[in-house]
Amino acid sequence: MLSPGWADRRSGRAGATVVPVRSARRTDYAAQVTLTVGALVACSLALGVWAAVRTARDQPVITRQLIGGAVIEAGILVQMVVAGVLVATGHQVPEAVTFWGYLVVALLVLPAAAVVAVIERTRWSSVALILACATLAVMQLRVHQLWSGA
Amino acid sequence: MGSDTAERDVTENEQVGDGQVEDTRRPAYGPGRVLIFVYGVFAVSATARASVQLIRNAAEAPLAYSLSAVSAVVYAVATVALAHNGRRMRRVAWVAVTFELVGVITVGILSSTHPELFQHDSVWSRFGAGYGYVPAVLPVLGLFWMWRSSPARIAQT
């Protein structure tokens, strides 16, 4: 996933053609970020649909759903690490503080839903999980906008 | 749903008489917890938004940015008060949620009549359109829940 970026950086370091390489770097990352965000949105929507099915059946959140949530959390962490590396290696995020703010808050949403799942053993914990997944999907779309500077 | 069970259990408790009163209510109180969850999400995201705005440039739009900070505090207070649900904390929750409703209506109207005051968005601008109008719906749901979960109302019925 990192390879085109690293390749650009190396050629840039070699002092070949710096300016065209920079513009290429931007577009390359955009595709990968779209893929990452798309995967995370798809995962959170899948978890949300699962929670919706359980709500309709009058069932609370179960551990397997929390494991699914943990996978999404891990995905956000990987996203943060990759974004951190890309920013450190020279990618410009126009609204950097807002961008990181969204990622940090996105990291908190599912654990909060997990707390509700533990204390509320009715269908309403599933409702909370639906809302958490919807929030997460919207936040990921905002992250995508902020990365490309729209 | 939560208060329905509470109502039923109040009568059950009365039947126990003056001996040991067993509280048979479930610890869960259903939709109220979802409401607290949504308030919590708004408390965190409004705090994050206000922090970002104040860190970047507080002087850029003092009115809109201080409004963001105020709404963040209101959401945080409402979250804690709704979750605590004690006698005094319920009063705090009434005040916070009412303030929130007044705030979202006032700022919503002002941002459409005097857009020059609100060139920078806050949570409550345009009735919370930036957040899917959830900020406008949330205080109504909050007040409804406060009324529904009121111990005085449950005891009367």
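Q: How is the packing of two helices described, and at what angle do the axes of helix 5 of chain A and helix 2 of chain B cross?
A: Two packed helices are described by the angle between their axes and the distance between the axes. Axes are lines fitted to C-alpha atoms, for helices over the stretch in contact, with angles from 0 to 180 degrees between N-to-C directions. Helices are DSSP runs (H or I, at least four residues) numbered from the N terminus. Here the axes of helix 5 of chain A and helix 2 (residues 31-57) of chain B come within 8 Å and cross at roughly 20°. Helix 5 of chain A is therefore roughly parallel to helix 2 of chain B (angles under 35 degrees count as roughly parallel, over 145 as roughly antiparallel). The model is predicted: local features need pLDDT of at least 70, side-chain atom pairs count only at pLDDT 80 or more, and totals for chains, interfaces and linings use all residues. Residues are numbered from 1 along each chain as its sequence is written, and chains are lettered from A in the order in which they are written.

Q: Which residues of helix 5 of chain A and helix 2 of chain B make the contact?
A: Contact requires C-beta atoms, placed from the backbone, within 7 Å. Helix 5 of chain A supplies Trp124(A), Val127(A), Ala128(A), Leu131(A) and Thr135(A), while helix 2 of chain B supplies residues including Phe37(B), Val38(B) and Val41(B). By class, this contact has nine nonpolar, one polar and one charged residues (Ala, Val, Leu, Ile, Met, Phe, Trp, Tyr, Cys and Pro are nonpolar; Asp, Glu, Lys and Arg charged; the others, Gly among them, polar).

Q: How do helix 4 and helix 5 of chain A lie relative to each other?
A: The axes of helix 4 (residues 96-119) and helix 5 (residues 123-148) of chain A come within 9 Å and cross at roughly 170°. The two helices are therefore roughly antiparallel. Their contact has 19 nonpolar, four polar and one charged residues.

Q: How many residues does each chain give to the contact between chain A and chain B?
A: Chain A gives 17 residues and chain B gives 15. Helix 4 of chain A gives the most to the chain A side, with nine residues.

Q: Where does Arg126(B) lie, and what is its phi?
A: Arg126(B) lies in the loop between helix 4 (87-113) and helix 5 (134-148) of chain B. Its phi is near 45°, a positive value in a residue other than glycine. Tyr133(B), in the loop between helix 4 and helix 5 of chain B, has phi near 60°.

Methods. Parallel < 35°, antiparallel > 145°, perpendicular 65-115°, else oblique. Contact = placed C-beta atoms within 7 Å.
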